[in-house]
Amino acid sequence: MLGIETSCDETSAAFIEGSGENVSLRSLVILSQDVHRVFGGVVPEIASRAHLTSIVPVVSRALSDADATLEDVDAIAVTSAPGLIGALLVGVCYAKSLAYALGIPVTGVHHMEGHLFGTSLEHADAVPPFTGLLVSGGHTLLLDVEAWGRYRLLGSTRDDAAGEAFDKVAKLLGLPYPGGRHVEALARDGDPGRFRFSRPMVRRTDTAADESFYAFSFSGLKTAVLNAVRGSDDLERDRADIARGFQDSLIDSLVEKTFRAARLHGRRRIVLGGGVACNGALAAAMRARAGEIGGVVFVPSPRIATDNAAMIARAGLFHLERGECAGLDLNAYASQPIPGLIAA
Ligand code: KG4
Ligand code: ZN
């Protein structure tokens, strides 16, 4: 299966082999578009054009890295939603053309379902049933994964995504874009006791009947950081402490909600996905509480946590094996709910 991902600012292709849960990753190529750095964020038009020039060499490289040729490709999976529409269209048009030329099936994959599958490429036990936390630049989703293709959406963010909060706080602290890993590095030297921001949407009195029991919200935390930055008379001295206070608060909120979900659904596995899963402090905080559910926390490596085509190929294989393949009228959508949702 050839996977293709062009939903944001990474042009990626991957080649996987196998069936069922027995899948091996033969190659993965990720070309990150550096150009957006100067703008402090992704410029959609530039992203689309960069995908257009990179897609053919990226796919060729993924095939040659796997010692494969186009004849070895049995099917193609491509991210068809959600994402930047112009960027998605490049991948979808390319995938459909290639599938048509080779006479093989093509299937559209939801980017967040890809993140849900990604971790299983590296950890054979990161499979359902589990509690999934997907934390990226655009999404924060807490899911109960009963089986592949059967997801209960328990919580999501009411405003900013977790990665978006990291990126905005990075900007406030004068750090480059994307800022997640820079905030993490700065927070490492920070004093956890100096800036104690309240934990968003977490109260000791919360019960499962509350609407906000599993919900996230990070814009208030971002404003608290802004006020701390403005109120500082020596930002050089305070920067690391503010970064630490912010990160501790955000992580506490993610961890608390994830363990509520695991406990109440009797899950003994927690699977993280999305770019924020690269955060070592988040992984450590999750693992520190694993004993509570008598279970394990699975964390993907950075290349599988961030946007990549291997996770798209893996999710695509699942759908194809269920006989779900798209026609040549496969379209791209900027936003779309994750497929397979069942009542929470
Ligand atoms: O999943 P991803 O690669 O792209 C999206 O689909 O959005 O996630 C990118 C996000 C960015 O917001 C970035 O700042 C964040 O992941 N990120 C991190 C870290 N590494 C990347 N956030 C916190 N700590 C990190 N180490
Ligand atoms: Zn992503």
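Helix 3, residues 111-118, is mostly covered, with eight of its eight residues buried. The buried set runs through His111, Met112, Glu113, Gly114, His115, Leu116, Phe117 and Gly118. This picture, like everything below, comes from a predicted model.

Zooming out, the protein is built from ten helices and ten strands. Its C-alpha trace spans about 65 × 45 × 30 Å along the principal axes. A compact globule with 344 residues would have a radius of gyration near 20 Å, and the protein has 20 Å, so the two agree. Of the 344 residues, 53% are buried. What about the outside? As for how the chain meets itself, take the contacts between residues at least 6 apart in sequence: 75% of them join residues at least 24 apart.

Now for the inside. The largest nonpolar core holds 47 residues, and the ones touching the most other members are Phe246, Leu272, Leu282 and Met286. Two or more residues come from each of strand 6 (130-135), helix 4 (162-172), helix 5 (180-188), helix 6 (219-231), helix 7 (235-264), strand 9 (269-273) and helix 8 (280-288). Back in the largest core, Met286 makes a handy close-up. Leaving out residues up to four places away in sequence, Met286 touches Leu133, Leu254, Val255, Thr258, Phe259, Ile270, Leu272 and Val297.

A few spots in the backbone also deserve a look. The peptide bond from Ala81 to Pro82 is cis, with omega near -20 degrees, and Pro82 is found in the loop between strand 4 (76-81) and helix 2 (85-102). Another cis peptide bond goes from Tyr177 to Pro178, with omega near -10 degrees; here Pro178 belongs to the loop between helix 4 and helix 5.

Positive phi values turn up too. Asp67 is not a glycine, yet its phi is positive, at about 55 degrees. Asp67 lies in the loop between helix 1 (44-65) and strand 4, and its relative accessible area of 72% means that it is exposed. Met201, also a residue other than glycine, has a positive phi near 60 degrees. Its place is the loop between helix 5 and helix 6.

Conventions
Residues are numbered from 1 along each chain as its sequence is written. Chains are lettered from A and ligands numbered from 1 in the order in which they are written. This is a predicted model: local features need pLDDT of at least 70, side-chain atom pairs count only at pLDDT 80 or more; totals for chains, interfaces and linings use all residues. Side-chain values use heavy atoms; hydrogens and water are left out. A nonpolar core is a set of buried Ala, Val, Leu, Ile, Met, Phe, Trp, Tyr and Cys residues joined through side-chain atoms within 4.5 Å. Buried means under 20% relative accessible area, exposed over 50%, partly exposed in between (1.4 Å probe, protein chains only). Helices (H or I, at least four residues) and strands (E, at least two) are DSSP runs, numbered from the N terminus. Contact means heavy atoms within 4.5 Å. The radius of gyration is taken over C-alpha atoms; the globule rule is 2.2 Å times the number of residues to the power 0.38.
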